[in-house]
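Here's a quick briefing to read alongside the model. Have the sequence and the 3D view open as you go.

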Amino acid sequence: SLLGDSDPIIYSSATFKSTRVINGQSIENVAGGVMDFRVSHRFGTFNSGIHKMFGLDIASMRLGLEYGLNDRVMVGLGRSNVNEEVDAFTKIKIFKQVESGPRKMPISLSYFASMVMRGTAWADPNRDNYFTSRLFYCHQLLLARKFNDQLSIQLTPTFVHRNLVETKADFHDIYAMGYGGRYKLTRRLAVNAEYFHVLGNRLPSGNTNSLSLGVDLETGGHVFQLHITNSASMNEKGFITETTGKWGEGDIQFGFNISRVFTIKEKKSIKEN
């Protein structure tokens, strides 16, 4: 042990299998020097009818690249065809859950920050339009605990700021609480659930909270996530503040996330004297 006679510190690992629970961020980072190429896809709603093959003829997609600067800090960039949006983010591990050792830490904690730029044409090009009106920001704390080899739970207090809103009655600042969970069924199969509740009745009229259910399938270097959700958007300000689908009315979309990792920078080996 590097600690002499003391017991070594053993940190929890694989609290979640992916950097996403479903739509939202998980406590996990990609490792330092590793690039993660992600494809996120959402079909149309089930209630779109037979002429749209119950949503299979409709597609929303986000392509993303995520990179671990080191084992504690990762950055990401994505492009979505929903509102022609580009997003950039960073996620920083503050501390990790300790399973055993001389000191105890019952949870893992990370900080997440993102910026989204909307690219769609201005609704009224004749008025004074500002670039800053295209920008949206999100800040989150990710608090997670791995209770055992099967069960992991995460809480995600969230703040979203929107520079431009549709009406004077809408709020620029949105506060929400996210709830996420994972239950591992086999070595390569797990079920996930995720819910974001906007606080203080700040959702625009007609919008609703985001609820998603899914499964994770691990196959070698791939993590394949299948899910159903009432959210079309795949960035934080979108699925937290702009979800309009209602589960009770069949506004549910089938979707998937595919993740493929590549080692860009090999870690230096430590040579013994």
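Asparagine 83 comes out as partly exposed, because its relative accessibility is 26% (buried means under 20% relative accessible area, exposed over 50%, and partly exposed in between, with a 1.4 Å probe and protein chains only). Keep in mind that this is a predicted model, where local features need pLDDT of at least 70, side-chain atom pairs count only at pLDDT 80 or more, and totals for chains, interfaces and linings use all residues. Residues are numbered from 1 along each chain as its sequence is written, and side-chain values use heavy atoms, with hydrogens and water left out.

**Asparagines with positive phi**

- Asparagine 83 isn't a glycine, yet it has a positive phi of about 60°.
- You'll find asparagine 83 in the loop between strand S4 (73-80) and strand S5 (85-95); strands (E, at least two residues) and helices (H or I, at least four) are DSSP runs, numbered from the N terminus.
- Asparagine 201 also has a positive phi, near 55°, and sits in the loop between strand S11 (189-198) and strand S12 (210-219).
- With 75% relative accessibility, asparagine 201 counts as exposed.

**The barrel**

- The order S2-S3-S4-S5-S7-S8-S9-S10-S11-S12-S13-S14 makes a closed barrel of 12 strands with antiparallel pairing (two strands pair if DSSP finds at least two bridges between them).
- From one strand to the next, the twist averages 20°; axes are lines fitted to C-alpha atoms, for helices over the stretch in contact, and angles run from 0 to 180 degrees between N-to-C directions.
- S12 and strand S13 (residues 222-229) run antiparallel and are joined by eight bridges.
- Leucine 217 faces phenylalanine 224 of S13.

**Glutamate 66**

- Strand S3 holds glutamate 66, which counts as buried because its relative accessibility is 0%.
- Between glutamate 66 and asparagine 29 there are 9.2 Å in space, C-alpha to C-alpha, and the two are 37 residues apart in sequence.
- Neighbours within four places in sequence aside, glutamate 66 is in contact with residues including Arg20, Arg38, Asp36 and Phe89 (contact means heavy atoms within 4.5 Å).

**Phenylalanine 262**

- Phenylalanine 262 belongs to strand S14 (residues 253-263).
- A relative accessible area of 40% is why phenylalanine 262 counts as partly exposed.
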